[in-house]
4 protein chains.
Amino acid sequence: MKAFSREIRYGMVGGGIGSFIGPIHRTALQMLSPKIRLVSANFSTRKEICDQTAEEVGLDLSRSYYDYETMAKAEAKRPAGERADFIIVVTPNRLHFSVSKLFLENGFHVFCEKPLTRTSAEAEILQKIATDRKLLFGVMYGYTGYPMIKEARRLVHEGALGKIRKVFVEYAQSWLTDPIELEGQKQAAWRTNPSESGGSLSMGDIGSHCENMVSYVSGLQIKEISGELSSFVDGRILDDDAMVLLKFVGGASGILFASQVLTGELNHFRLRIYGDKAGLRWDQMDPERLEILEKDGTIKILSRGAGSLSKWVGKTSYLPAGHPEGVIEAFSNHYAAFISKILHPNEKESDFPGIEEGVRGMKFIESVLKSSKSNQKWTELS
Amino acid sequence: MKAFSREIRYGMVGGGIGSFIGPIHRTALQMLSPKIRLVSANFSTRKEICDQTAEEVGLDLSRSYYDYETMAKAEAKRPAGERADFIIVVTPNRLHFSVSKLFLENGFHVFCEKPLTRTSAEAEILQKIATDRKLLFGVMYGYTGYPMIKEARRLVHEGALGKIRKVFVEYAQSWLTDPIELEGQKQAAWRTNPSESGGSLSMGDIGSHCENMVSYVSGLQIKEISGELSSFVDGRILDDDAMVLLKFVGGASGILFASQVLTGELNHFRLRIYGDKAGLRWDQMDPERLEILEKDGTIKILSRGAGSLSKWVGKTSYLPAGHPEGVIEAFSNHYAAFISKILHPNEKESDFPGIEEGVRGMKFIESVLKSSKSNQKWTELS
Amino acid sequence: MKAFSREIRYGMVGGGIGSFIGPIHRTALQMLSPKIRLVSANFSTRKEICDQTAEEVGLDLSRSYYDYETMAKAEAKRPAGERADFIIVVTPNRLHFSVSKLFLENGFHVFCEKPLTRTSAEAEILQKIATDRKLLFGVMYGYTGYPMIKEARRLVHEGALGKIRKVFVEYAQSWLTDPIELEGQKQAAWRTNPSESGGSLSMGDIGSHCENMVSYVSGLQIKEISGELSSFVDGRILDDDAMVLLKFVGGASGILFASQVLTGELNHFRLRIYGDKAGLRWDQMDPERLEILEKDGTIKILSRGAGSLSKWVGKTSYLPAGHPEGVIEAFSNHYAAFISKILHPNEKESDFPGIEEGVRGMKFIESVLKSSKSNQKWTELS
Amino acid sequence: MKAFSREIRYGMVGGGIGSFIGPIHRTALQMLSPKIRLVSANFSTRKEICDQTAEEVGLDLSRSYYDYETMAKAEAKRPAGERADFIIVVTPNRLHFSVSKLFLENGFHVFCEKPLTRTSAEAEILQKIATDRKLLFGVMYGYTGYPMIKEARRLVHEGALGKIRKVFVEYAQSWLTDPIELEGQKQAAWRTNPSESGGSLSMGDIGSHCENMVSYVSGLQIKEISGELSSFVDGRILDDDAMVLLKFVGGASGILFASQVLTGELNHFRLRIYGDKAGLRWDQMDPERLEILEKDGTIKILSRGAGSLSKWVGKTSYLPAGHPEGVIEAFSNHYAAFISKILHPNEKESDFPGIEEGVRGMKFIESVLKSSKSNQKWTELS
C-alpha cells in the first residue's frame, strides 16, 4: 500500500518452505506494493526445498540457487535493471554473519533478521563493512514497526511523559514449556542448539526485542544490568528464561524479562514506561491501542488511525481506525522506510532498525550472559 | 501465503487512487501469493486517476482502460493464458449491477463488493446469469473471512451452544456523526446519495454485514423483522441509523443495530449468540479472540492459532497465535477459497460468500426499508 | 462510612434467612454507620424464619413480629426515641403494595424494593398517600447508586455528550436458562409465578433497572416503545426475555433488552449513550470505570476516586481509586441520601430514587406488556 | 453477612477521623454482622480527634480513651461480658509494636495492620508473647481475603498448575509521584518518615503485600533475593520504588516490584504464576475474576460466585456472581475467620494471616534492605 517510483527487486537467503519468518518477510513486501518483486534466492541448504519454494513463490528457477555463495557471485554480475536492490537474510542465526558479510562484500544492501549475529565482534565487522561501503543494513526488529509504537516514541520524545523514571518490558511465551526440540519441532531444534542459535536462547529469540523496544521508544541508554538466565526444561542447554534489572543513564531504572516457559502465554510482549508527568502501556497482542496514564488517574486509549494521532504516524498506517492491521504491516513499515532510503539516499530521517541497533543488541545479550555468570550485582553494559 | 499451482490473473473495476476498499482487495490478493497478478483494470471514470493508479500498481497501460465497457470487450478477446481469471467490482454501489452483469455476460467470474446491487431484482438477475453460465460470483462480506468467525460457525454447527435462542449483532461507527458529505469527503458523498448508494445507507454500508454475519455463524434463517431507520444529521436524505428486531425460523429471536452516528465508536462490529447450552461473543476490533460463555459461568477465550482450535480453521490462519493478523487477511481468506474453486471446480466445500448471500442481503435491506415505513409491527422477510 | 448526628433506626418487612436482597439492604445500612440500627422486623411469613433471622441479626425478639399488620400497629405506638425512622420492604413483589401502604398510613417513611408494585394503579395509590402525608418513599433501583453512574449523569447534564441521539441499555443474565423454578429454587419460584411477581418477569426483575438507569443518566423521557416479550423455557408462564425499541421525547431513540436466558452471562448490565459531541459506556460488572468516547476516537477511562472526577461524585465514594467498592456501597449511597433527607427535610437536592421513579417504572412495564400483545408497531407510553 | 452465635466486641487503637485504613477495618466488621460492636478505642493521640471519632461511630465516651496505655489497663479490668474480644491496631507503623505488645500482655487477642513492626526482632517478640499466652494474632494483609485469591491458592495447592516455575508479582501506584509529604498530605507524611514508617517505604507500604500474596497463593518459600530500592522524588529519604529478583526453594524464580511513583497507576496489584501445566493471572483492580492459562492457549476466566468454583471458596463470597464485591469484603473475610477461631478455638483450619506471616514479612523487608545496599548479587533470606 505504498507507491514506488520504480520496480523494486530483492533476493532472499533462507525462508524455504517450513520457515516461520521467511514468509512473513515476503508477505510484508508483497502487501506493500505489487511493484516489489523477489528476483533471486537461496531458500535452503536442501535442494528440494529450494525447488519447491521457488515454485510456490513463482521465482524463476534460473535464479533459485542451492547455495548462497553461488547466488552472491552470480547475482553480483547481473546488470542494474535486473540485479536485486537488496538481500534479505532469514537463515538460522548461525549464518547471519557469513551470509550478510558476503552480500555486503558483493555490494548489496542487506536486511537481516535479529539477533544480528552470534557475537558482538561479528556484528561490528558487519557494521564496518556496511559503513565503509556505504551500504544500507537493516535488522528486523519487526515490532517497532507498529504505528502505535511510533506514536509512543513521539510522545516520549516530545515530553508528554515528562522525565522518564521507570521502564518495564516483558516478553512472555509458552511454546518452549515442554522439550519439543526432542520431538522434531524444527523451529525449536535450531533455536535450542547453541551452535545454531548463539549464547542465549531467551535473549536472542525474544529478549533482544525487549531491549530494542525499550531503546526505540524511551530513547534511554542502558548503563548497568543485573541479569539471570535459567533453563527450566530438563536437558535443555540454553536458557529459556531471562530476568534482568536495568539502570539507565540519567537515573531511570526498570525490569526486563523474557521467558519461553510461561505456560499459556501466546506471544505476550508488553511495554510500560512511566515519567514524572504521565505513563504509557502497550501490548503487542492488542497492538493498535496505546494507553496513556495521566496524573489525575484518567487513562486515555489512543487508537491507530484515529484523528487524535500525529500526522507522522499516519504514514505507517494504512486502514481506517477500527479495521485491524496485523504484525505483517509492522514489518511492511520497516521495509517501506528501507526502500525509501534506497530510492532516496539523501533522505534525512529514515525510520528502520539499522546496524547500530543490531550491534547494540548483541552487546546487550553478551552483557546479560556475563552478568548471569557473575556474583557481582551490577554489570556495566559493554 | 498460499501455494497455487499456476499464476492467477485478475481484473478490477473501480479502486482508483482515493478509493477506500479497492486497495484492500488488491492487498489481500498480493499478500496471498506473488503468483496472483492484476492484469487489467478500469480504475475510475476519470482518466488521470486511471493513469496514476496504473502507474502506482505497476499495471501495463495497454490494459488500463478508461471505461469498463471497452475493458470487457477487449479483455474478453484475450487468449486463455493472458485473460483475467476473474474480475473484482469495487465501484460505488450504483455500478455494481451493470459492471457485474457485463463481465458475467462476457464469461468472467466476478467478485463484487457488498451490497451486491441497489435492489433485489437486480441481484436476482445477476444470480440467474451466473447460474446459467456456471460462473462463480463472490460478494465481499469481508468480515466472515476471519478465522475466529469460522471457528464460531463450526462450534454452532456442531452443537456446542445447544439450540440457539438469542442473537445480538451490532455495528457501531462514528464517522457520519457530522455532515461530512457536505465538506467534500468523497466516501461520505456517494454513500449518502441515494442514486449512488441505494435505498438505505446504514443497512447497505454496515447493516448488511450484520445480516450476513448472523446468517453465516448461526445458520439461522430470518423470518420476520421489525425495523426502524432514522437520519440524525440535518439535511441527510438517507438513514444513518437502523434498529431491527429479528425473529428466526425455529423460535430464536434477536436484535440487529447498525449506526454511523455513534460518536467515538470506530468500527465496532460485534456478535453475540446464546443457545441453551452456551453462548459466544466476538468483537471485530479484537478479531483474534472468541469468547465461549459456559453454563457454569466460566468464560473461555479461544485465540486464533492456538492449539485448541479446529484443524479446519487452521487453513485460514497464517501466523502463530499471538502474532496479530488483521482484516486484510480476512479478505485474503475469501479470495483463497474463491481462487481454489476456480482452479478446482469440482471441489465440494467452498467457503466464500456467494451470490445467494448477496441476493439474501438485498432482500433483507428491502424488508427493513418496508418495515420502517409500516405501522405494522412485524414484516415477513420477502 | 458516613457520619450521622444521631442514631438512625429502621424496621424491615421481608428479608428473612434465604432472602437474596434482604441481607444486601441490611449490610448496606450496617456498613454506612454503626449508628444505624435495625429495631423491628417481620422477616417472613414463617415463624421459625422470623426467629432464626432475629437471632442472626441480633434483633430483640420483642420487636420481631410474625406478621406485618401486628408490627405496624405495635411499632406505630412506640415513642419517638424508639420508633423506626423508616421501614424497608423487601418481600416478594406481591406484598410491596399492601405492606408499603400500611406503614405509610401509620406514618412511617418507606423504602421499597423494585418493581414498586404489580400495577401502576397501585403505585399511584402509594404515591398519593406519601404525598398527602408528606412521607418519604424510596424505591430501591440500587444500581443508580454507583458513583460512576452519578458522574455519567452529571456529564450528560452538563452537556459533555452534546445533544443525545442514541441510547442502548441491556441486562443479560443466565440464571433462568433452565426451569430451575421446578427444582425448588425459591428465588426463581416466586419470580416466575405471576401472582407473586406481576405481569412480566424479565421487565419486573431486571428490565425495570434498564428503564430507570436510562432515565436517571440521560434525563430523557420515553415517548413510544415497541416491545416483544418471550418465554424460552418450556412451561414457564411469564416472559424471561424482553426486547424493546425506544423513542424519546426530543428525537433520540434506542434499544433496551433484558434477558434471563443468555447462557453464561452473569449479571451483565450495560449502558451506552451517544450524543453529537461524545459517547459514554458503562458496565455494571466493572462499575468503577466509565468510558468517555471522544469525537477524535480517543477513549477516556475515568475511575472512581481518581482526581479527575467531580466533587459532587466524591460524596458517594468512600475508598481511594483502585480499591474496589462493590454493589453494596451503591445501595448504601441511596440510603445515605434517604437518611440525610429524613434528618434534614429542607434539604433541596436529594439523590435517591423515589416514588415518581417507582410509578414511572410500573407504567413502563405495563406499556411493554401492552406493546408486546399489539400488532401495532409503536405504543405510546401511558 | 455472617451469623455469629453471640455478640462480638472489639477495641481499636488508631483509626481516628482522617485515617485511611481505620474506617475500612470498622466497616469490614460492621458489614459482617450487626452483632459485632466496637466497644472501646483510643482513636488518636489528639483528644479532639478521639472525641469526634467516638461521636461519629457511636462509641460511648466512657470507653473512648486518650492514650492506649490507659485503655489497656482499664479495659483489661472489664468483666467477660463487656470486655473486648480483640483489639485492632491501625496506628502508624511506629506504634504497632508497643500497642500490640501491651494488649497481648493484658490478655487480648490482637489484629494489627501490616507491616507488623519496624524490625523483625520486634515482630519475633510479639510472636513469642502471643504463642506463650496462647493468644490469637492477626496481621492485616487484606488482599489475600479476596475469594478469587483463595480459589487461586486452592488451584495451585491441588496441582492444577503443575510444578511452579515462575512467579511475577507487582504493585504499581502513582500517589507518591510528587513530594506530597511536603504539602501536608498526612498519609504521605508519616509513611515517608523513617521514624514513623520503618526502614523501607515501598516495601513496608505495598511490597509487603506482594511477598505475602506470593507466599499465600504459591505456597513457595523464598530462598534468595536480589533487590534494589530507589527514591525518585527529590528530598525523599525513604525509597518509593523497589525491584527484587526472587529465587524460591525448589527451583522456581520470579520478580517482585513495588513502586509508588508510576504516574497514573491507581492501585494496580497483580499476580502471575506459571507452572509446567498451566498459568494464572489476577489483578486487584478486577478482583472478582481469575484467569487460568491452559497449555493449549485457551484462557479460562473464573468468576467469584459462579458455579464452577470450589465449595471452599463459597464461604468467603456473599453475593451472586456478577454483583460486585469490593475490597472491604476481603477484609471482612479475614475477620470472619479470626472471629470464628476466637469462638471455636479448636477449629483446625483457620484462614487468616497470622503472626508467622507478619514475622516473615519483616524478614523479607530487612533482606531487601540488606540486598539493596550490597554489591553481591544474591542475598539469602534471613
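Student: What share of the interface residues of chain B are also interface residues in chain A?
Tutor: Keep in mind that we're looking at a predicted model. The two copies meet through the same surface. That's because the interface residues of chain B turn up as interface residues in chain A too, and the share is 100%.

Student: How many residues of chain B are in contact with chain A?
Tutor: Contact here means C-beta atoms within 7 Å. On the chain A side, 30 residues take part. On the chain B side, the number in contact is 30.

Student: Which helix gives the most to the side of chain B that touches chain A?
Tutor: Start with the elements that each supply at least two residues: α1 (21-32), α2 (47-57), β10 (267-275) and α11 (327-343) of chain B. The top contributor gives four residues, and that's α1(B).

Student: And how many residues on that side of chain B are nonpolar?
Tutor: Let's sort them by type. Five are charged and nine are polar. The nonpolar ones number 16.

Student: Now for chains A and D: which residue of chain A has the C-alpha nearest the axis?
Tutor: Chain A superposes on chain D by a rotation of 180 degrees, with 0.0 Å of shift along its axis and an RMSD of 0.0 Å. The C-alpha of chain A nearest that axis is 2.0 Å from it, and it belongs to Lys377(A).

Notes:
Residues numbered from 1 in each chain as written. Chains lettered and ligands numbered in written order. Predicted model: local features only at pLDDT ≥ 70, side-chain atom pairs only at ≥ 80, totals over all residues. Nonpolar A, V, L, I, M, F, W, Y, C, P; charged D, E, K, R; others polar. Least-squares fit on C-alpha atoms with pLDDT ≥ 70 in both.
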